[in-house]
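Reader: Before we look at any details, could you show me how to read the features of a model such as this one, giving the general idea and then the case at hand?

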Amino acid sequence: MIDLNGKRALVTGGSRGIGAAIALALAENGADVAFTYQNSISKAESVATSIKGTGRRAIAIKADSADPNAIARSVTEAVSALGGLDILVNNAAIGLNGMIADIHVDEYQALMDINVRGPVLFAKAVIPHLAAGGRIISIGSGLAERVPFPGVTAYAMSKSALLSFTRGLSRELGPRGITVNLVLPGSTDTEANPANGPAADIQRSMSSLGRFAEPHEVASAVVYLASPAASVITGAILAVDGGAIA
Ligand code: NDP
């Protein structure tokens, strides 16, 4: 049984898609939840309302993951509103489609700032607040393990950085009883990768189950890793992809 009662979580990019499902699932299992977003104010308000509907506390924080000052401020706001933090979920990320020969240096920099530096700076800011039993869970991508198409090289690179980040940070925080894990979603039906999009059929054909995941199916893996049931799992890389990298 999953019991997150009394736990306080911060989810980055919680206004839509997988992050919104994670924020809500953590609350449904008992956690109070702060989450960040960048632009989607009304969607963020709607997620906060859904979380409050579970009886848990919710706080939506507008903070650009590319901005180190905004990251520090959002952690301070979350700690202040919830009275501390026990769980960090690094979910916010952007995609980048384009051949390496064609991508612009500014696009590349934004990708790395949000997808790589963001999780590092969120962890750095949250670590001082975590006690034994604390959790850091990042959302990577199956493309970190295998790159089946041209044009996703830079995005896959940004996600593969989280493999070493997770393994190394688990070594750093293990002595304090804090676990650090990485979830690798496969194709998941969100605005970023709709199940009716132009590249959807080829993605379906690559998975063992032959379908996209729903965001709540990725969220349930995160809830498990956040829970006491996963107390001895750390430095782990969990594919949640319908068998796409089987
Ligand atoms: P979406 O694009 O649907 O949602 C992205 C979320 O991140 C939104 O809440 C968005 O906020 C937020 N966000 C984006 N940029 C920033 C920023 N600079 N600062 C703060 N928040 C930001 O993505 P998904 O739900 O599809 O993806 C979630 C995670 O799962 C990502 O890490 C992604 O790489 C990974 N993933 C997704 C897969 C898929 O098939 N969907 C497959 C593999 C991995 P706002 O609404 O305000 O823009």
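Author: Let us begin with burial: a residue counts as buried under 20% relative accessible area, as exposed over 50%, and as partly exposed in between, with a 1.4 Å probe and protein chains only. This is a predicted model, in which local features need pLDDT of at least 70 and side-chain atom pairs count only at pLDDT 80 or more, while totals for chains, interfaces and linings use all residues. Residues are numbered from 1 along each chain as its sequence is written, and side-chain values use heavy atoms, with hydrogens and water left out.

Reader: Is S138 buried or exposed, and what does S138 touch?

Author: S138 counts as buried, because its relative accessibility is 1%. Contact means heavy atoms within 4.5 Å, and, when residues up to four places away in sequence are not counted, S138 touches N90, L162, F165, N181, L182 and V183. Helices (H or I, at least four residues) and strands (E, at least two) are DSSP runs numbered from the N terminus, and S138 has its place in strand β5, residues 135-139.

Reader: Where is S15 found, and which residues is S15 in contact with?

Author: S15 is found in the loop between β1 (8-11) and α1, and S15 is buried, with a relative accessible area of 9%. Leaving aside neighbours within four places in sequence, the contacts of S15 are A20, F35, T36, Y37, S40, K43, A44 and V47.

Reader: Where does T54 lie, and is T54 buried or partly exposed?

Author: T54 lies in the loop between α2 (41-53) and β3 (58-62), and T54 is partly exposed, since its relative accessible area is 33%. Beyond its neighbours within four places in sequence, T54 is in contact with L24, A27 and E28. A polar contact is a pair of N or O atoms within 3.5 Å; within protein, one must be able to donate a hydrogen and the other to accept it, and residues adjacent in sequence count only if both atoms are side-chain atoms. Here the side chain of T54 reaches the backbone nitrogen of R56 at 3.4 Å.

Reader: How many helices and strands does the chain have, and what pattern does the chain follow along the sequence?

Author: The chain has 7 helices and 7 strands, which follow the pattern β-α-β-α-β-α-β-α-β-α-β-α-α-β along the sequence. Of the 246 residues of the chain, 49% count as buried, and residues 24 or more positions apart account for 74% of the contacts with a separation of 6 or more.
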